[in-house]
Amino acid sequence: QSGDGEPPANVISYANRYFFSRRSRGHFMTVFALLYRPDARVLRFLSAGHPPLLLRRTGDVSLLGEADQIPLGVLRDFAYANNTHDVRRGDIFVLYTDGIVEARDAHGREFGIERLRRLVAETDADTSAQALRDNLVAAVHEHQGGGVGNDDQTLLVLHIAH
């Protein structure tokens, strides 16, 4: 079984079977996979153990793919499925690991998904993807009191310009 038969789900389903058959017991791997087809203006993605994707469209920020799928290596024959979303000019997608939203300050308070959403929503419409990423990273670093958190921290901003 290869998920819904379309990439990236079919590729991740295959990778899961391969990983499962060659891993040591007790190991798993989280994956976020995305395929953007500019000709069809469609984004297909799946989250195997990662937080939902953020979409900013005309100032509104929504969560996509909220129902996470399990990480690789948990169930050998798990069939991963894609989330499919239409893409419009000006859309901004923010991909991040849980280390971003779970970053803690000196009092143990998390940075949080709502703060991340608010910062993305409040960003000026003509801000570049690089500047938005830099602003988000700076906010996380300020919150946690430095550039090194307790968990991996990855953040990617994708801006659909055309």
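User: Which residue has its backbone nitrogen 3.0 Å from a polar atom of the side chain of T97?

Analyst: This is a predicted model, in which local features need pLDDT of at least 70, side-chain atom pairs count only at pLDDT 80 or more, and totals for chains, interfaces and linings use all residues. Residues are numbered from 1 along each chain as its sequence is written, and side-chain values use heavy atoms, with hydrogens and water left out. A polar contact is a pair of N or O atoms within 3.5 Å; within protein, one must be able to donate a hydrogen and the other to accept it, and residues adjacent in sequence count only if both atoms are side-chain atoms. The backbone nitrogen at 3.0 Å from the T97 side chain belongs to T154.

User: Is T97 buried or exposed?

Analyst: T97 sits in the loop between β6 (92-96) and α2 (98-101); helices (H or I, at least four residues) and strands (E, at least two) are DSSP runs, numbered from the N terminus. Buried means under 20% relative accessible area, exposed over 50%, partly exposed in between (1.4 Å probe, protein chains only). The relative accessible area of T97 is 7%, so T97 is buried.

User: What is the order of the strands in the open sheet of four strands?

Analyst: Two strands pair if DSSP finds at least two bridges between them. β6 and β7 are joined by five bridges in the antiparallel sense, and L95 has L156 in β7 as its bridge partner. The pairing in the sheet is antiparallel, and the order is β4-β3-β6-β7.
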